[in-house]
Amino acid sequence: MSSSVATLDKITALCKRRGFVYQSAEIYGGLNGVYDFGPLGTILKNTIKNAWLAHMTSFAEEVLLLDGSILGGSDVWKASGHLDGFSDPMVDCLVCKKRYRADDIDLEKNCPHCGNKQWTDIRQFNLMFQTQLGAMADGSSIAYLRPETAQAIFINFKNVISTNRVKIPFGIAQIGKAFRNEITPKQFLFRMREFEQMEMEFFCKPDEADKFFEVWIERRKAFFLSLGLTPENVRTRPHASDELAHYAKGCVDVEYNFPFGWKELEGIANRADFDLTQHSKHSGKDLAVFDEATKASYTPYVVECSVGVDRLFLTLLFDAYAEDVVEGETRTVLRFHPRVAPYTAAIMPLSNKLSDQASEIYKKLKAAGIRVQFDESGSIGKRYRRQDEIGTPVCFTFDFESVEDGKVTARNRDTTKQERIAIDQIEGYVRDLMR
Ligand code: GAP
């Protein structure tokens, strides 16, 4: 059955029920737009990040890693354009005081909350969280939580190039938290106030930027498909010229077909020399490089790939979610690609009496680096349903016959078919699934 049965409510409930994601500070009523990741969610997040890092660092040209700070002073955000331009238009209802993003509602209509039609003027609301460094509360101590990770890469460009044997073209990749004071956080992990980004800035000669832009678009599409996303639900959409960000020469969104429409999953942009030029101007430091071939200096162009870990997490859940009927019962199943599933396998002793022998198999697989769960409580049917719902591709049941014939029953998540396989073939069986 297709994943179109997935709704935001079903995904949110499953995430909580199975320990993928919890509302942050839930016992205190929750913090809007902020989430905590439970044990399964943390595994899935790490899998996403590791896949991204492997994808980036396996590129034919060098891609180095960086881990920049979250706090940044006003000078950085002035130069990047965020202090002056990183805002959303907002309006308030004069009667109930509820605040909206102006582009989310029709000001010709009544307030969806209280039904009145008395609006404030539209004002710009800067999305950066402001804080203060140290004890002095004057303007010089103001700092901001970064609204994107990219700027740390630009301001360290010269550091990286002068401390590593690296030449243009090369990339710098970074994973880290970003913060945006979204006026109306919504759609669960889609628009959060605290989230994680995976960004790569690729520095190249100006006349090679168009080529690398195309290369990265293709490469990034291939990355999403390698995680098992359904090809028909992924598309690329070039920005129209009036839609381009102030810094971009060209931009393509990789979009996913969510139940709430085609939405941006990743932005890929040709940022030209905007960022290095801005930081050069504002810091007074020369960020140009010298070209040995032409004996002239130039400011490199940048091709950026930027995706949210959490948004990709949500996308994988939507894509994997399915419901079908097994033995007359509706089951929920996450059809994750085995490379993505939090657990690749589960080991299940049929009876408590078999736990010790079954746990030997479990320990061996775990020691071999396989993500495996030991599941011994409840009926076998219940245990299968539980593993289906967290997306485990295969369950191995150890029964009384296993003691005699050295075999277990392998049960496939998607087909529910069962087959007997030798215990010493389990590891190879699981590794084959991961390919
Ligand atoms: N450096 C470019 C940049 O930050 P962006 O389109 O604002 O561009 C890039 O963000 C990606 O980060 C988005 O495609 C999305 O995946 C993710 N993202 C942005 N805002 C987000 C939010 N409030 N919650 C979750 N993910 C977000």
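In what order do the 7 strands of the open sheet run? Here are my notes, with that one picked up in point 2.

1. **Ground rules.** This is a predicted model, where local features need pLDDT of at least 70 and side-chain atom pairs count only at pLDDT 80 or more, while totals for chains, interfaces and linings use all residues. Residues are numbered from 1 along each chain as its sequence is written, and side-chain values use heavy atoms, with hydrogens and water left out.

2. **The open sheet.** The order is S3-S10-S11-S17-S14-S13-S12, with mixed pairing. A strand here is a DSSP run of E with at least two residues, a helix is a run of H or I with at least four, and both are numbered from the N terminus. Two strands pair if DSSP finds at least two bridges between them. At the edges sit strand S3 (63-65) and strand S12 (234-238), each of which pairs on one side only. From one strand to the next, the twist averages 25 degrees; axes are lines fitted to C-alpha atoms (for helices, over the stretch in contact), and angles run from 0 to 180 degrees between N-to-C directions.

3. Follow S12 to its neighbour, strand S13 (residues 250-258): the two pair in the antiparallel sense over 5 bridges. If you want a spot to look at, threonine 236 stands opposite valine 254 in S13.

4. **A hairpin to find.** Strand S18 (residues 321-326) and strand S19 (residues 329-334) pair in the antiparallel sense over 6 bridges. They form a hairpin with 2 residues between them, and glutamate 327 in the turn has a positive phi of about 50 degrees. Valine 326 has glutamate 329 in S19 as its bridge partner. Why is S18 described as largely enclosed by the rest of the structure? Because 5 of its 6 residues are buried, where buried means under 20% relative accessible area, exposed means over 50%, and partly exposed is in between (1.4 Å probe, protein chains only).

5. **The whole chain.** Zooming out, the protein chain has 13 helices and 24 strands. Its C-alpha trace spans about 75 × 65 × 45 Å along the principal axes. Of the 435 residues, 50% count as buried.

6. **Nonpolar cores.** In soluble globular proteins, nonpolar side chains tend to be buried together. A nonpolar core is a set of buried Ala, Val, Leu, Ile, Met, Phe, Trp, Tyr and Cys residues joined through side-chain atoms within 4.5 Å. The largest one here has 63 residues, and Phe20 and Phe336 touch the most other members. Helix H9 gives the most to this core, with 8 residues. There is also a second, separate core of 19 residues, which includes Ala150, Phe154, Leu287 and Val302.

7. **The largest pocket.** On a 1 Å grid over the protein atoms alone, a pocket is an open set of points with protein on both sides within 12 Å along at least five of seven lines, a cavity is a set where a 1.4 Å probe fits but cannot get out, and lining residues have an atom within 4 Å of a point. Grid points are joined across faces, edges and corners, and a volume is the space filled by probe spheres set on the points. The largest pocket has a volume of about 1400 Å³. It has 45 lining residues, and the closest to its centre are Phe86, Arg180, Arg191, Tyr247 and Glu264. S14 supplies the largest share of the lining, 7 residues. The lining divides into 15 nonpolar, 13 polar and 17 charged residues; Ala, Val, Leu, Ile, Met, Phe, Trp, Tyr, Cys and Pro count as nonpolar, Asp, Glu, Lys and Arg as charged, and the others, Gly among them, as polar.

8. **The second largest pocket.** This one holds about 290 Å³ of space. Its lining includes Lys158, Ile161 and Tyr298. Strand S15 (289-291) gives the largest share, 3 residues. The lining divides into 6 nonpolar, no polar and 5 charged residues.

9. Among the residues lining it are Val34, Lys45 and Asp310.

10. **One glycine.** Is glycine 30 buried, partly exposed or exposed? At 29% relative accessibility, glycine 30 counts as partly exposed. You'll find glycine 30 in the loop between strand S1 (21-23) and strand S2 (35-37).
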